[in-house]
Amino acid sequence: MDWSATCLFYAAVHYINAYFRKVGIPIPRRHRGEPGKPGRINIVQQDPKLSRIYPHYRHLDDESRDARYELKRISETDYDRFLLPQLENIRKFIIPKVTT
Amino acid sequence: MLSSRRWKPVAFETQPGPVLYTFLLTPKENLGMTSIGVSSESLHVLPWNSENSEWVYPEQQVARVLVELFKEIPQVKSICARFGHDEITIWTLLASYDREAREKVYEKELEVCKILRIYDFDFRATSADLVSPEELALSGSREIFRRN
């Protein structure tokens, strides 16, 4: 389970990249911004539509970094009841927008 | 709007460097600000009651906005910031690993972005049990708010 949050986070990254591709936003190379170039997280923050999934994205972001860098243990209950639903919310938001 | 508020220098004291700005918000809340990221040329600070002292460092203004917003969440125990050359890292440390409180932090992060419109924020929200302000200080962060 150690890497489960990280896997979910990067799955979320791919959903968001798919949205960028669909609406014509160049896919950022970085999670965060750099001078003059917003990162993926910045676009999610600033885009009125995408900001609706910001909390779900941030939960996965923080939990994956807690697991990777702070050695936070993730239980199966955490995964089933909290983490996976965050990705599901992102998926449900993105899929209709990229498949029409 | 916080962005349009004119910050008054009466709220903090300035001293010759290394500069430490400290003032009490309430008996239970202590807000400390430092001159992180300010060049040595900028360390000549005018007295707060000088006619020419109606300004604050950009880092201070950012820190004030952050603290004003995040401290509204009762579970926020500490806020740490690191002002780098091309990014600002903000750690919001909660009293426990509280996912509902963390969701409130995320709402505040969006507010911060709307107010400050800075691209290079790196927000992190976690528990103070998992990451301590003292540990963050080792990597260059400064605690800008602590709830006692």
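This is a predicted model: local features need pLDDT of at least 70, side-chain atom pairs count only at pLDDT 80 or more; totals for chains, interfaces and linings use all residues.
A residue is called buried if 20 or more other C-beta atoms lie within 10 Å of its own, exposed if 12 or fewer, and partly exposed in between. By that rule L71(A) is exposed, because 9 other C-beta atoms lie within 10 Å.

**Chain B in outline**

- The secondary structure of chain B consists of three helices and six strands, and read from the N terminus these elements follow the order β-β-α-β-β-α-β-α-β.
- Of the 148 residues in chain B, 32% are buried.

**Where the two chains meet**

- Contacts between the chains involve 16 residues of chain B and 18 residues of chain A.
- On the chain B side, the elements that give two or more residues are α2 (99-116) and β5 (121-127), and α2(B) gives the most, with six residues.
- By class, the residues on this side of chain B comprise seven nonpolar, one polar and eight charged.

**Helix α1(A)**

- Helix α1 of chain A covers residues 4-23, and its 20 residues should span 28 Å at 1.5 Å a residue, which agrees with the 29 Å between its end C-alpha atoms.
- The buried residues of α1(A) are A5(A), L8(A), F9(A), A12(A), I16(A) and Y19(A), and because they cover an arc of only 100° around the axis, they are on the same side of α1(A).
- As a general point, an α-helix has 3.6 residues a turn, so residues three or four places apart point the same way.
- Y10(A), H14(A) and R21(A), by contrast, are exposed on the other side of α1(A).
- The cover over the buried residues of α1(A) includes α2, α3 and α4 (76-98) of chain A.
- G24(A) follows α1(A) and has a positive phi, near 85°.

**Helix α3(A)**

- The 16 residues of α3(A) should span 22 Å at 1.5 Å a residue, and this agrees with its end C-alpha atoms, which are 22 Å apart.
- Most of α3(A) is covered, since 12 of its 16 residues are buried, and among these buried residues are Y54(A), Y57(A), R58(A), L60(A), D61(A), D62(A) and A67(A).
- The packing around the buried residues of α3(A) draws on both chains, with α1, α2 and α4 from chain A and α2 and β5 from chain B.

**How α3(A) crosses its neighbours**

- In general, two packed helices are described by the angle between their axes and the distance between the axes.
- Within chain A, the axes of α1(A) and α3(A) come within 8 Å and cross at roughly 145°, and this crossing of α1(A) and α3(A) is left-handed.
- From α1(A), the residues A5(A), T6(A), L8(A), F9(A) and A12(A) meet residues of α3(A) that include Y57(A), L60(A), D61(A) and S64(A), and the contact of α1(A) with α3(A) has seven nonpolar, two polar and three charged residues.
- Between the chains, the axes of α3(A) and α2(B) come within 10 Å and cross at roughly 115°, and the crossing of α3(A) and α2(B) is right-handed.
- That contact is made by Y54(A), P55(A), R58(A) and D62(A) of α3(A) together with R102(B), E103(B), Y106(B) and L110(B) of α2(B), and these residues divide into four nonpolar, no polar and four charged.

**Two loop residues of chain A**

- S51(A) is in the loop between α2 (40-46) and α3 (54-69) of chain A, and S51(A) is partly exposed because 17 other C-beta atoms lie within 10 Å.
- Leaving aside residues up to four places away in sequence, S51(A) touches V44(A), Q45(A) and L110(B), and L110(B) is also one of the residues of α2(B) in the contact with α3(A).
- Between S51(A) and L83(A) the separation is 32 residues in sequence and 19 Å in space, C-alpha to C-alpha.
- L71(A) lies in the loop between α3 and α4 of chain A, just after α3(A).
- The phi of L71(A) is near 60°, a positive value in a residue other than glycine.
- For context, most residues other than glycine have a negative phi.

Definitions and conventions. Residues are numbered from 1 along each chain as its sequence is written. Chains are lettered from A and ligands numbered from 1 in the order in which they are written. Two residues are in contact if their C-beta atoms, placed from the backbone, lie within 7 Å. Helices (H or I, at least four residues) and strands (E, at least two) are DSSP runs, numbered from the N terminus. Ala, Val, Leu, Ile, Met, Phe, Trp, Tyr, Cys and Pro count as nonpolar, Asp, Glu, Lys and Arg as charged, and the others, Gly among them, as polar. Axes are lines fitted to C-alpha atoms, for helices over the stretch in contact, and angles run from 0 to 180 degrees between N-to-C directions. A crossing is left-handed if the near helix is turned anticlockwise from the far one by less than a right angle, and right-handed if clockwise. The expected span of a helix is 1.5 Å times one less than its number of residues. The arc is that of the directions from the helix axis to the C-beta atoms.
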